[in-house]
Amino acid sequence: MPTPLNKQAMVDMALANGLDLVGVANIERFAGAPERMHPASIMPNCRSVIVVARRIVRGNWRGIEEGTYWPTYTYYGYHGLLNSFFIPVGTYETSCFIEDHGYEAVPYYPGVPETQPPDGTLRPGAVAPNVHLAIRIAGVAAGVGEMGWSKVFLTKKFGPRVRLAAILTDAEIEPDPLIPMGTLCDRCMACVGGCQAHAIPHQREGQVVRIQIEDQTFEWGDVHMGRCTLGFHGGDPRVSPFLHKTLPGWEFDVTKQDVTEDAAYKICWPPTFAAWRRTEEDPSGLLVEGHNEIMRWGGGAGAGSYAIEGSRGCMRSCFDHQERRGMCEQTFHGGPFIRRPRWILPCRCGEESDEA
Ligand code: SF4
């Protein structure tokens, strides 16, 4: 006979299994969500959405910030182990705990709504596969944090240094209070200045995304996802020394591009995953050897994704600002994260930069 589910015991189970933050939204908070992004489209009798976060260790970015070492961020802090192992273990154990109490639990790996295929429905009355939650909006709905101006999710303890996942369940669990807009993001615009891809609009440009949850409105900058993706996934010579090594003479200014997110993936991913022919000029045969190495770091199939730019503005500039202002609960003995003039490379590959 299942025993009643105690919320604090469930949270303790999540924390004991490596998760750092836990919040709960009732299903009513998703009233404004599109059907194909709605938790009830995965689990029709879903009553609660538990959103969990695990921190991204600040030191994951140290090598990229110094311009000396890349693999740690992808391997430990992005898709390698954090998204694919550290978080799923806690999410799965917590799901087992919920089911031990007689409620169904769907552990949810955060997918990307932009990848939904243009397919029809499989069952009359159902929505088409694949359903993906907007995981950051789910995090807002569960009171775990707030959407920063940069569209990156902010938390009180770690600022933007978190990744999210969720558990859907038919258990009725007391929801956590929403965190009002403006509690964690002070609209400093450090993310705008730090983003070399010019993907984040300045507040004065008035490009805003707005949603409503219960009686509260939340808004953030309408980020240019094409330029964001080009920067993040290795399409920007200004933040990829690997492009400079592989393609000297090539010039590409990301700030002038107006491609979609999907088009940006098509520009970035094939050169990372594919091979050409082995030559003296290019003995590995890999199109961009450095990007491929980071993607494969750790052996086997590798991370399946990779990060080259390492969130220069939306994360690094943001948490540096937040730590300096005492806005993050987690502090560091060594002082601010950004300690030296920041490096940036020219758009033209093979040229050295004297810019700070
Ligand atoms: S840097 Fe962070 S706190 Fe400042 S506006 Fe951007 S998201 Fe908000």
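**Briefing: helix packing, sheet and ligand shell**

M10, M13 and A14 in helix α1 meet G90, E93, T94, F97 and I98 in helix α5, where two residues are in contact if their C-beta atoms, placed from the backbone, lie within 7 Å. The model is predicted, so that local features need pLDDT of at least 70 and side-chain atom pairs count only at pLDDT 80 or more, while totals for chains, interfaces and linings use all residues. Residues are numbered from 1 along each chain as its sequence is written. Helices (H or I, at least four residues) and strands (E, at least two) are DSSP runs, numbered from the N terminus.

**Helix α1 against helix α5**
- By class, the contact of α1 with α5 has five nonpolar, two polar and one charged residues, with Ala, Val, Leu, Ile, Met, Phe, Trp, Tyr, Cys and Pro counted as nonpolar, Asp, Glu, Lys and Arg as charged, and the others, Gly among them, as polar.
- α1 (residues 7-16) and α5 (residues 82-100) pack at about 150° with their axes 8 Å apart, the axes being lines fitted to C-alpha atoms, for helices over the stretch in contact, and the angles running from 0 to 180 degrees between N-to-C directions.
- The two helices α1 and α5 are therefore roughly antiparallel to each other, a term for angles over 145 degrees, whereas those under 35 count as roughly parallel, 65 to 115 as roughly perpendicular and the rest as oblique.

**Helix α8 against helix α10**
- Helix α8 (residues 225-232) packs against helix α10 (residues 261-273) at an angle of about 20°, with 7 Å between their axes, and α8 and α10 are therefore roughly parallel to each other.
- On the α8 side M225, G226, T229 and L230 take part, and they meet E261, A263, A264, Y265, I267 and C268 in α10.

**The open sheet**
- Four strands form an open sheet in the order β1-β2-β6-β3, with antiparallel pairing, and two strands pair if DSSP finds at least two bridges between them.
- β1 (21-26) and β3 (105-108) stand at the edges with a single partner strand each, so one side of each is left without a neighbour in the sheet.
- Strand β6 (residues 162-169) pairs with β3 over four bridges in the antiparallel sense, and I167 in β6 is the bridge partner of P107.
- Helix α5 lies across β2 (48-55), β3 and β6, and runs at about 25° to β6.

**Around the ligand**
- Of the 14 residues around the ligand, G148, C185, C188, C191 and C318 come nearest, a residue being near a molecule or strand if its C-beta atom, placed from the backbone, lies within 6 Å of it.
- α7 (190-194) and α12 (312-324) each supply at least two residues of this shell, and the largest share, four residues, comes from α12.
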